[in-house]
Amino acid sequence: FLKILITSLMFISIASAQGQHTIMTYNVLNLVLTDTLERNPHFRTIFSNIQPDILVCQEMTSQTGVNGFLVRVLNRVSSGYAAGTFLNGFDTDNAIYYKTSLFTFLSNTPIQTALRDINEFKLKYNSTGDTLIIYSVHLKANEEDSLLRAAEVDSLRKITNILSTNSNFIVVGDFNIYDSYETAFKKLLNQSQPGYFVDPLNLIGDWGLGSFAPYHTQATRTRDIGDGGSTGGLDDRFDMMLMSQAIINSGDRTYIPGTYTEYGNDGNHFNDSINKPPNGVVSQQIADALYYASDHLPVYASFSFD
């Protein structure tokens, strides 16, 4: 009986771990079309250390770039990834990758705004057949453009507000929002209608201050390195993952508290380059890769799929 009990508990533990999956968002900075000696090796270093089950990217430039990143980066370090349908809209665009053993891609629906499209990605979880919705945004940049960001969020909320209250949806991406008081952020969290989002970190204030240093994702450099990326060091919480109430609550899709991670940020690089030694959470090799690959840090979190 004891042997059976121990074996059963081990099986339950393994099954539980297998039901936890990682979703990552990453602004890949105008990804180039082909493999180069400059950036793709750094991306491979990053993804050799962490392989998300779903990856959503911003600043993809073309289908060729999407295919190249799949073949030359993701499947070079961990086989089994596929790319969802890519839609080439205004300016740069969003792309999604997923592990085919876990998910099946269903659709990519653009939500048009006056600026860049917001993309609604739908995936089926293979084990249960349930649907997960992920929205990817790259809102208007610059602090003075807050009204334009608010208008883009209006377009998103028109879609999420018609979803059922128990819908599992996430919005990820480069929000370019500077603080929790900005109108766009308030609109995302506005609970007057059902399609609202929840900030799992519940950060209130001006995110550009040093007190928020552990949560900054942009910029990874203090100087121009010639790839068009932003400079100034880490001082903005631009890249985020916000979630529906159903995902925050305990249910069939549940955010696992404590897993939200700004990859490579040890909280000690405020207004500094991510690769300035020492980095307390990643190796120097990975810190260098994050520095050269993009001007943004990737953000990921783990979720329990019941």
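Strand 5 and strand 6 (residues 118-125) run antiparallel and are joined by eight bridges. One pair to look for in this predicted model is Asn108, which sits opposite Phe121 in strand 6.

Zoom out and you'll find five strands in an open sheet, ordered 5-6-7-8-9, with mixed pairing. Strand 5 (103-111) and strand 9 (239-243) take the edges; each has a single partner strand, so one side of each has no neighbour in the sheet. On average, neighbouring strands here are turned by 20° against each other, ignoring direction. Helix 4 (residues 146-160) packs on this sheet and touches strand 5, strand 6, strand 7 and strand 8 (169-174). The direction of helix 4 makes about 170° with that of strand 7.

## Around strand 8

Strand 8 has a partner on either hand: strand 7 pairs with strand 8 in the parallel sense over six bridges, while strand 9 runs antiparallel to strand 8 and is joined to it by five. You can trace a path across these strands through Val172. This residue of strand 8 is the bridge partner of Ser136, and Val172 also has Met241 in strand 9 as a bridge partner.

Strand 7, helix 4 and strand 8 together make a right-handed β-α-β unit. As for strand 8 itself, six of its six residues are buried, so the rest of the structure largely encloses it.

## The nonpolar cores

The largest nonpolar core counts 48 residues, and Tyr135 and Phe303 have the most contacts inside it. Strand 7 (residues 131-138) supplies the largest share of this core, with five residues. There's also a second, separate core of 32 residues, including Ile50, Cys57, Leu74 and Leu297.

Which residues does Phe303 touch, once its neighbours within four places in sequence are set aside? Among them are Gly19, Gln20, His21 and Ile23, along with Ile170, Met241, Met243 and Ile247. Thr254, Tyr255 and Ile256 are on the list too.

Now for a loop residue: is Ser78 buried or exposed? Ser78 lies in the loop between helix 3 (63-77) and strand 3 (81-83). Its relative accessibility is 16%, and buried means under 20%, so Ser78 counts as buried. Beyond its neighbours within four places in sequence, Ser78 is in contact with Gln51 and Lys99.

Key
Residues numbered from 1 in each chain as written. Predicted model: local features only at pLDDT ≥ 70, side-chain atom pairs only at ≥ 80, totals over all residues. Heavy atoms only, no water. Core = buried A, V, L, I, M, F, W, Y, C linked by side-chain atoms within 4.5 Å. Buried < 20%, exposed > 50% of the residue type's maximum accessible area, 1.4 Å probe, protein only. Helix = DSSP H or I, 4+ residues; strand = E, 2+ residues; numbered from the N terminus. Contact = heavy atoms within 4.5 Å. Pairing = 2+ DSSP bridges. Axes fitted to C-alpha atoms, helices over the stretch in contact; angles between N-to-C directions. Right-handed = clockwise from strand over helix to strand, strands pointing away.
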